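Let's walk through this model together, starting with its strands and ending with the ligand. Please have the sequence and the 3D view open.

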Amino acid sequence: MKEERPMEQVKAAGEPEAAITIRHVSRVFPVTGGEFQALTDINAEIPAGVLAILKGRSGSGKTTLLNIVGALDTPTSGSVWIGGQDVCRLSERARENLRRKQVGFVFQAVSLIPTMNAFQNVEFSLRLAGVKKGRAQRVEECLKLVGLGNRMQHMPAEMSGGEQQRVAIARAIAHRPRILLADEPTAELDSAMAAEVARLFRELTRRERVTVVMTTHDTGLMDAGDLVIELENGRQVTGEQQETER
Ligand SMILES: Nc1ncnc2c1ncn2[C@@H]1O[C@H](COP(=O)(O)OP(=O)(O)OP(=O)(O)O)[C@@H](O)[C@H]1O
Ligand SMILES: [Mg+2]
């Protein structure tokens, strides 16, 4: 059993408080005839307001780790701290609340509601998050932020894949989550559009102070991040801090 301490006590003096702290996270899945160790002792500190890239081959454990950080799954051992709380030890209700209020998700396959236009898709997520005031203004702001201020009335089917993914990003950040988790958000985009989405994430970290964790196996996107966490067969390869101008 790992000892649990509040995050303030584990960070070195003078360091900014990490938005996400991953400590000794392992995940074992029961599989037919035994067990499968998908993650082994993952450790990372992700400072607030950075773009962290989680990279690795197919099957290396990226989605498994992202799901644990987003409180969609629980590790077999270890802990994940968000805003001073060990999310793995919260009640199911508190975890749901965390997911709704503090985390935004962007998935590989764009999951917009096809019968709603861009504006309505983003507004719907604000309703789900329980936002009552200033919704229209915030929806507009987010759609402008992703460069779609002139497409607000367009239906998903009237937009390109990249544009739809940008609506999905606007939707994921509208309720001002602390953390944005994006699982292969660029997988279905061409390389120019993928770079555009990565640039957009970086801009969001600056403009909205959101901490973004994005998984990818696109080596062309590695430079876009402030921090790279690399997985290989469920183990961590590096966690280097990149030199990027802010
Ligand atoms: N629910 C589960 N039960 C059993 N094994 C699982 C489960 N989920 C994932 N795994 C296994 O854990 C490993 C990591 O899976 P994961 O989905 O995290 O990989 P990934 O890095 O996201 O891969 P990809 O790039 O293909 O999305 C895989 O070998 C997978 O088969
Ligand atoms: Mg995956």
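How many bridges join strand E3 to strand E9, and do these strands run parallel or antiparallel? Four bridges join E3 (residues 51-55) to E9 (residues 227-232), and the two run parallel. In one of these bridges, Lys 55 has Glu 230 of E9 as its partner. Helices (H or I, at least four residues) and strands (E, at least two) are DSSP runs, numbered from the N terminus.

A word on the source: this is a predicted model, in which local features need pLDDT of at least 70, side-chain atom pairs count only at pLDDT 80 or more, and totals for chains, interfaces and linings use all residues. Residues are numbered from 1 along each chain as its sequence is written, while chains are lettered from A and ligands numbered from 1 in the order in which they are written.

Now step back to the sheet. It is open, with six strands in the order E6-E7-E8-E3-E9-E10 and mixed pairing; strands pair if DSSP finds at least two bridges between them. At its edges are E6 (103-106) and E10 (235-236), each pairing on one side only. Helix H6 (residues 161-173) packs on the sheet and touches E6 and E7 (179-183), where contact puts C-beta atoms, placed from the backbone, within 7 Å. The direction of H6 makes about 165° with that of E6; axes are lines fitted to C-alpha atoms, for helices over the stretch in contact, and angles run from 0 to 180 degrees between N-to-C directions. Helix H7 (residues 191-208) lies across E3, E7 and E8 (211-216), at about 165° to E8.

Finally, the ligand. Of the 13 residues around ligand 1 (C-beta atom, placed from the backbone, within 6 Å), Phe 29, Ala 38, Ser 58, Thr 63 and Thr 64 come nearest. Helix H2 gives the most to this shell, with three residues.

Terms used. Two residues are in contact if their C-beta atoms, placed from the backbone, lie within 7 Å.
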